[in-house]
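Q: Can you walk me through a few side chains and backbone angles in this one? Keep it short.

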Amino acid sequence: GGGMLMLSDDMAQIPQHRYKIATSLMPPSNLAAIPLDLFRAEEPSELLLRLDGPTGPWMLLALCNWAHSVTDKTFWLSRLFRTEEKSLHVLEFWTQKYSRMKSSEPIKARIHAHSAVLFAIRVAENDRVASYVGSDFHVSSGMEVVKMSSSSSKLQLELNVKRATKDAHVTVFLPFDPQHSLKTSGSANDPVRKAERLGPDHRIWKVPVGLTEQGGTLIVEQK
């Protein structure tokens, strides 16, 4: 339900990749998702949480597999967008796979046994302005952003999850000239690791960040 988070594992002993999974849930959102198939399934497998913040409105869609074997799941986005067709930024949190989709299309996912996939869904309102797509260090893919300002040539983010992060990234949409490289700066900028394009769309970038417990600022500009 997004409230108290309790972990019984010895955090000092678990592998790094599992530690990253645990910390991505912190801090809890204190919000509860709505089961979309409550009256159609004994164990609801479609959960939706609508959110809003400095990055604008977005949705989190979780598709769960309660079975003992792998299953293929199809979810039509038109169930969430019943009026005019929208262009969408869709980022799956655990794999960090990005897709540009239409609201009339289906999400198709192969889900492991007793597992789930989690999609952050944002309407692509204006392709002439930089925008936020998500991150790999907070499960909400948006609540880590305290403040955001954007234009056609610059994106500035204030990030804070009240803990330090390692090997963290944000995924952003940047309508910059593909012939130009990026310039990143700010206290959350990682000076060692480099930003890279994510998938075939040259406007989607995965940008490394490093935060202290006090958070930090990331500035992305066209060089």
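A: His138 is buried, at a relative accessible area of 3%. Buried means under 20%, exposed over 50%, and partly exposed in between, with a 1.4 Å probe and protein chains only. This is a predicted model: local features need pLDDT of at least 70, side-chain atom pairs count only at pLDDT 80 or more, and totals for chains, interfaces and linings use all residues. Residues are numbered from 1 along each chain as its sequence is written, and side-chain values use heavy atoms, with hydrogens and water left out.

Q: Where is His138 found?
A: In the loop between strand S9 (131-135) and strand S10 (145-150). Helices (H or I, at least four residues) and strands (E, at least two) are DSSP runs, numbered from the N terminus.

Q: Which backbone oxygen does the His138 side chain reach?
A: That of Pro27, at 2.8 Å. The His138 side chain also makes a polar contact with the side chain of Ser140, at 2.7 Å. A polar contact is a pair of N or O atoms within 3.5 Å; within protein, one must be able to donate a hydrogen and the other to accept it, and residues adjacent in sequence count only if both atoms are side-chain atoms.

Q: What else is His138 in contact with, leaving aside neighbours within four places in sequence?
A: Ser24, Leu25, Met26, Pro27, Phe93, Met143, Glu144, Val161 and Arg163. Contact means heavy atoms within 4.5 Å.

Q: Phe93 is on that list. Which residue forms an aromatic pair with Phe93?
A: By the ring rule, the count comes to 1 aromatic pair. Phe93 and Trp94 form it, edge-to-face, at 4.8 Å centre to centre and 80° between the planes. Rings of Phe, Tyr and Trp (its six-membered ring) pair if their centres lie within 6.5 Å; planes under 30 degrees apart are stacked, over 60 edge-to-face, the rest tilted.

Q: Is Phe93 buried or exposed?
A: Buried, at 5% relative accessibility. Trp94 is partly exposed, at 39%.

Q: Backbone next. What is the phi of Ser141?
A: About 55°, positive although Ser141 is not a glycine. Most residues other than glycine have a negative phi. Ser141 lies in the loop between S9 and S10 and is buried, at 1%.

Q: And what about the phi of Asn30?
A: Near 65°, also a positive value in a residue other than glycine. Asn30 is exposed, at 61%.

Q: Last one: where is Ser103 found?
A: In the loop between strand S6 (97-102) and strand S7 (106-111). Ser103 is buried, at 2%. A polar atom of its side chain lies 2.7 Å from the backbone nitrogen of Lys86.
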